[in-house]
Amino acid sequence: MQNPQHILKSVFGYDAFRHHQAEIIDALVAGRDVLTLMPTGGGKSICYQIPALLRDGTAIVISPLIALMQDQVDAMRQLGVRAAFLNSSLSPKEQQAVEHDLLAGNLDLLYVSPERLLNESMLGLLDRCELALFAIDEAHCVSQWGHDFRKEYQQLSLLHVRFPNVPRIALTATADARTRGEIIEQLALQQARVFINSFDRPNIHYAIAESGGGNSGRDALWSFLTQHHADDAGIVYCLSRKGVDGTAQWLNEKGRVALPYHAGLTQDVRQRNQQRFLREDGLIIVATIAFGMGIDKPDVRFVAHMNLPKNIEAYYQETGRAGRDGLPADAWMSYGLKDVINLRLFTENSDADEMFKRVMHHKTDAMLGLCELTACRRQALLAYFDEVLEQPCGNCDNCVNPPETWDATLATQKALSCVYRTEQRFGAQYVINVLTGKDDERIQRNGHDQLSTFNIGGEHSGAEWRGIFRQLIAHGYLSTDAEGYGVLKLAPLAWPLLKRSDTPQTVMLRKLRKASKEKVRKKRLGAAALQDLSAQAQSMFDVLRALRSRLAKEQNVPPYVIFPDKTLAEMAIARPATQAQLLDISGIGEVKRARYGDDFLSEIRQFETGA
Ligand SMILES: [Zn+2]
């Protein structure tokens with residue numbers, strides 16, 4: 001008799017379930033609806049793949065990720081699972097073949113886009129076949145607060161109405177309490193069992209570096225890459241298309257292979273660049289937020305942000321694309337004064353109603369708070385998702401190199417009163433120029449060289465002042481104008497500091513971090529990040545990886561679809577000699593053993609006799 005545990009071992013090659021996988025599978029198999037929140041890399045898809053094999057009929061997987069469906073289906077077929085997809089990339093003839101297989105009951109899993117699913121002829125087709133379950137992937141797309149919002153997702157509640165006896169599972173890798181509520185509401189999942197896994201991704205190291213403006217963000221990125229990821233695959237996020245193109249070109253000039261990805265490129269180019277990123281080793285993709293949802297490349301070793309994400313959900317989701325294989329990975333960000341002003345402006349400018357604006361403000365404050373934090377980043381990040389981490393993590397920049405703070409009360413008073421004296425009509429750079437007594441024609445024309453605050457800030461450099469203003473805006477002493485010119489205004493918090501109050505208030509700010517002072521973290525070795533491999537195991541690993549690349553190329557699938565790095569590393573250490581021993585390696589199920597066992601065994605034999 002087939003049971004979940006048996007399928008986990010024989011098909012997927014794993015010994016034990018993780019997180020709540022077993023309970024989720026049991027609930028679905030029993031016909032219950034489920035909502036599951038699981039971090040990226042937590043093994044989301046097994047939660048519906050195994051029930052799909054256990055229940056009669058076909059499981060329908062609804063996913064917005066058309067470009068990735070081919071890879072998802074390939075990965076299933078590698079395991080011997082009968083999977084297919086229906087989307088606009090298929091020819092009419094191919095579509096017919098899939099529909100025929102569906103009606104004949106020859107499919108375990110069928111991937112469809114929400115648009116396709118809502119199509120009346122598709123629904124009619126589903127009426128005529130046996131359905132195992134509906135899996136609604138990336139369920140946070142129902143949320144109009146998020147940047148992945150898809151209107152069609154809000155209509156998916158009709159599944160509940162039209163197919164009341166087919167269990168549904170909604171899955172997402174990110175959702176705060178509000179989004180969670182929206183998913184339940186919009187998808188009519190009030191009766192569903194809810195499983196919330198820890199959002200902690202302990203293998204990801206978080207770091208947020210201050211940028212002094214100009215080219216300093218790129219310089220910092222370059223030293224981060226050369227220090228930690230000289231030949232690793234990773235994603236660099238930029239805010240604008242221009243930023244993407246410029247950064248990709250700059251990285252190429254520096255000698256890295258970097259490809260751009262944004263909505264301004266043709267569909268063909270986007271698709272090609274994404275495919276190369278998934279199939280080649282060590283490539284960097286430079287992208288706007290348009291890139292990455294559903295990317296299941298497990299060996300992305302770093303995610304770098306060149307600008308501030310709009311909120312913590314986006315930050316968490318984007319950084320979550322690093323290290324899905326559980327091996328060490330980096331989430332790195334560079335941000336500066338300009339980013340803070342832009343984010344504040346964005347919030348002010350949106351022409352949404354008051355309620356929406358309040359939510360946006362709250363989200364912006366939380367994001368800026370995370371950046372300016374002097375305590376453990378992971379504790380704050382998890383707290384945002386209502387999760388308590390008892391101890392500082394020891395694996396973020398603030399834990400590794402605790403930031404220094406200083407009493408900035410006097411500097412704050414100077415800054416605020418200079419904003420006041422210049423009548424709250426100028427942006428940060430102008431005010432800094434007045435404070436530092438810059439010889440500037442505009443300042444003279446405005447008569448601001450006559451102000452009492454002219455040239456009273458010479459004890460700090462321009463970069464230091466930018467850091468001070470950044471923090472004052474982030475902490476809410478200064479706000480930006482609603483018209484969107486970046487003009488600084490005094491916020492209510494500022495007044496007690498300006499008045500000679502009898503209850504003196506201290507302002508503590510972060511000190512600028514000196515790059516040279518950064519303690520060097522333990523060096524991580526390249527793609528494998530497999531610290532424990534001996535030299536010999538490492539060279540065996542490289543040999544196995546080359547074999548994997550050859551096999552992947554022959555079939556035009558990403559290498560990790562054949563075996564993940566972890567499986568190769570286990571093989572390199574255990575050196576199985578027989579077919580039976582292969583099954584002891586995690587990630588090798590029966591179909592993959594039959595398909596690749598001989599190739600890998602003979603490669604291992606050759607290596608041993610040659611060594
Ligand atoms: Zn920490």
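1. A pair of residues opens this note: Gly234 has Phe302 as its bridge partner in β12. The two strands concerned are β9 (residues 234-237) and β12 (residues 302-305), which pair in the parallel sense over four bridges. Two strands are said to pair if DSSP finds at least two bridges between them. Helices (H or I, at least four residues) and strands (E, at least two) are DSSP runs, numbered from the N terminus. In general, strands of a sheet pair through backbone hydrogen bonds, in either a parallel or an antiparallel manner.

2. Residues are numbered from 1 along each chain as its sequence is written. The model is predicted, so that local features need pLDDT of at least 70 and side-chain atom pairs count only at pLDDT 80 or more, whereas totals for chains, interfaces and linings use all residues.

3. Strands β9 and β12 belong to an open sheet of six strands, in the order β8-β13-β12-β9-β11-β10, with parallel pairing. At its edges stand β8 (204-210) and β10 (258-261), each of which pairs on one side only. On average, neighbouring strands of the sheet are turned by 15° against each other, direction ignored. Helix α10 (residues 216-228) packs on this sheet and touches β8, β12 and β13 (329-335). The direction of α10 makes about 165° with that of β13. For such angles, axes are lines fitted to C-alpha atoms, for helices over the stretch in contact, and the values run from 0 to 180 degrees between N-to-C directions.

4. As for the whole protein, there are 27 helices and 17 strands. Its C-alpha trace spans about 85 × 65 × 45 Å along the principal axes. A compact globule of 611 residues would have a radius of gyration near 25 Å, and the 27 Å of the protein agrees with this. The radius of gyration is taken over C-alpha atoms, and the globule rule is 2.2 Å times the number of residues to the power 0.38.

5. How much of the protein is buried? Of the 611 residues, 44% count as buried. A residue is buried if 20 or more other C-beta atoms lie within 10 Å of its own, exposed if 12 or fewer, and partly exposed in between, with C-beta atoms placed from the backbone. Among contacts between residues at least 6 apart in sequence, 74% join residues at least 24 apart. Two residues are in contact if their C-beta atoms, placed from the backbone, lie within 7 Å.

6. The protein is divided into domain 1 (4-196), domain 2 (204-335 + 373-400), domain 3 (405-512) and domain 4 (529-610); these bounds come from an automatic or database domain assignment. The centres of domain 1 and domain 4, taken over C-alpha atoms, are 31 Å apart. Their contact takes 12 residues from domain 1 and 11 residues from domain 4. On the side of domain 1 that touches domain 4, the elements giving two or more residues are α1 (4-12) and α4 (66-78). The largest share, four residues, comes from α4. The residues of this side divide into five nonpolar, four polar and three charged. Here Ala, Val, Leu, Ile, Met, Phe, Trp, Tyr, Cys and Pro count as nonpolar, Asp, Glu, Lys and Arg as charged, and the others, Gly among them, as polar.

7. Strand β5 (residues 131-136) is largely enclosed by the rest of the structure, because six of its six residues are buried. Strand β2 (residues 58-62) pairs with β5 in the parallel sense over five bridges, and Thr58 has Leu131 of β5 as its bridge partner. Three bridges join β5 to strand β6 (residues 168-172), and these two run parallel. Ile136 stands opposite Ala170 in β6.

8. Helix α19 (residues 428-435) is mostly covered, with seven of its eight residues buried; among them are Tyr430 and Asn433. The buried residues of α19 pack against α14 (337-349), α18 (409-421), α20 (441-445), α21 (462-474) and β16 (488-490). Just after α19, Gly437 takes a positive phi of about 65°.

9. Helix α25 (residues 565-574) is also mostly covered: seven of its 10 residues are buried, including Asp565 and Glu570. The elements covering these buried residues include α23 (535-555) and α27 (590-610).

10. Asp325 lies in the loop between α13 (312-319) and β13. Is Asp325 buried or exposed? Asp325 is buried, with 21 other C-beta atoms within 10 Å. Leaving aside neighbours within four places in sequence, Asp325 is in contact with Pro298, Asp299, Pro564, Asp565 and Lys566.
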